[in-house]
Amino acid sequence: MSTNLEHLEQATVETPVQPDTTVDESLQPATEEERKVGKLDYIFMWIGDGVNLGNMTLGASLVVAGAATLNLFQTLAAAIIAICIISTVFALNDRVGYRTGIPYVVQLRMSFGEKGAIISSLLRGIPAIVWYGFQSWIGGTALNEIAKIATGGSFDNIFICFLALQLLQTWLSLYGFHAIKWVETLVAVVIGLALIYALGILLTSHSQTITENWVQAKGTWGLPFFSFIMMFMGNYAAIFLSAGDYSRELKSGISDSKRGFLYFFPILIAYGLTLTVGAMLASVTGNSNPVKAFAIVVDNPYITVFVSAFIVLGVIGVNMVANIIAPTYVITLLTKLKYKPAVVMTGLLALGSFPWVLVKDSSAEGLGVFILIYSAFLGPIVGILLVEYYILRRQKINVPDLYKKDGPFSGFNPAAVLAMLIGAGGAFIAVELAWIIGLIVGSISYILLMKLAFKDSNFKKGTIFDSNDKSVDES
């Protein structure tokens, strides 16, 4: 069976599917020649994505009013567990994209169908667009601080800086993963060095305070410990879904275990460094805002420029990887636009998210509710995709069928939609463990619905529940 499977997967990568006039070229399976991202580029991409202000703030959130909710050992344990889960899910869910070259929005058709994939793809695309705008507004605020200092205070306009940053990110994104490779390498090196510098200052000048307030804190191994694991994972929960969008750009010939390492190693470095520095800053200053904490710890007249540049680079790094490419593919699928116009539309929609309203205190609660609602669906969708590929189809995919307008994956699969809703409902029972509950409930629901319900569904063809297909047993 393994020989036949390897032959099938190799064929789907090296033999492109005949172009479908209804699907843009950017959504067609990536060929061998189009895969330009090497292992080192891939590592730097995920380091660049991970060394950002959001992850540092996550580390700072471990310390409340100077008292740590988790001590050093508990923090590291929670982080390691989360990173292991993150890299494992990545390596599992990226396999479809890596072996076949198809993007996430096409992968969804296997489970949800051509029309059903619209719903699940929007659950990935819309939050990314909102976060694109939100992150860019934060970056625009930081860029404005740099401009004020550079002009001696004569320039002060956050909105213009926000628009300038949006234009820069849109321009960079027009070049797809070719731009992401070098942008993320730059971000990883510059911010990485800045974090190491900050870490050195903290260890040499504030080690006693850090030891008292964080290292030796009592902490807990109870529900807060596990909720922090879910929180650590939450930053990558949306990227889990579109793992194929990244792996399809990776050069072929890399084993599954090695690709898992390509996720584990950079995320461990980036996440570990930013979480540690964030927690240390909060334990020393009592301030959970890393920007203000930096200014307190690093006594330098140019600290505002340093921190602001850090924020701007971090914003570009995160958006380039997590918040631009995925919604661009969704827009391309839904509107039939080419890749570059879809990138521009993504930037315009990010403007329409009104991020300058989201950052106000009066809107913080609404933003939190929005995050809670969409994130509850992420676990179930990941579970459905993994069940589909590994259990129901035993890693066998007929790629051309995914691109046929009236093929076996046209319409929508009610079993997948219902399983997603059931999983999301289960996730709301315990918000602290929403992702893992949604994953388990959604996965089990999907298997049961595919087996027991909708007996005449076309989506059972080629699965272990296809009573008319004996090839599964023969293989």
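**Close-up 1. Leu448 is partly exposed in this predicted model.** Its relative accessible area is 45%. Partly exposed lies between buried, under 20% relative accessible area, and exposed, over 50% (1.4 Å probe, protein chains only). Leu448 sits in helix H22. Helices are DSSP runs of H or I with at least four residues, numbered from the N terminus. The C-alpha atoms of Leu448 and Ala419 are separated by 9.1 Å. Along the chain, these two residues are 29 residues apart. Residues are numbered from 1 along each chain as its sequence is written, and side-chain values use heavy atoms, with hydrogens and water left out. Because the model is predicted, local features need pLDDT of at least 70 and side-chain atom pairs count only at pLDDT 80 or more, while totals for chains, interfaces and linings use all residues.

**Close-up 2. H19 crosses H22 (residues 434-452) at roughly 45°.** Their axes come within 7 Å. Axes are lines fitted to C-alpha atoms, for helices over the stretch in contact, and angles run from 0 to 180 degrees between N-to-C directions. The two helices are therefore oblique to each other. The crossing of H19 and H22 is right-handed: the near helix is turned clockwise from the far one by less than a right angle. H19 contributes residues including Leu378, Val382, Ile384, Val387, Glu388 and Ile391 to the contact. From H22 come Trp435, Leu439, Tyr446, Ile447 and Met450, among others. Contact means heavy atoms within 4.5 Å. The contact residues divide into twelve nonpolar, five polar and one charged. Nonpolar here means Ala, Val, Leu, Ile, Met, Phe, Trp, Tyr, Cys and Pro; Asp, Glu, Lys and Arg are charged; the others, Gly among them, are polar.

**Close-up 3. Phe232 lies in the largest nonpolar core.** This core has 131 residues. Such a core is a set of buried Ala, Val, Leu, Ile, Met, Phe, Trp, Tyr and Cys residues joined through side-chain atoms within 4.5 Å. Phe90, Phe232 and Trp435 have the most contacts inside it. Beyond its neighbours within four places in sequence, Phe232 touches residues including Leu58, Leu62, Ile86, Tyr271 and Leu275.

**Close-up 4. Gln395 has a positive phi of about 65°.** Gln395 is not a glycine. Its place is the loop between helix H19 (378-392) and helix H20 (399-402). Gln395 is buried, at 18% relative accessible area.

**Close-up 5. Lys336 has a positive phi of about 65°.** Lys336 is not a glycine either. The loop that holds Lys336 runs between helix H15 (325-335) and helix H16 (339-352). Lys336 is partly exposed, at 44% relative accessibility.

Conventions: Parallel < 35°, antiparallel > 145°, perpendicular 65-115°, else oblique.
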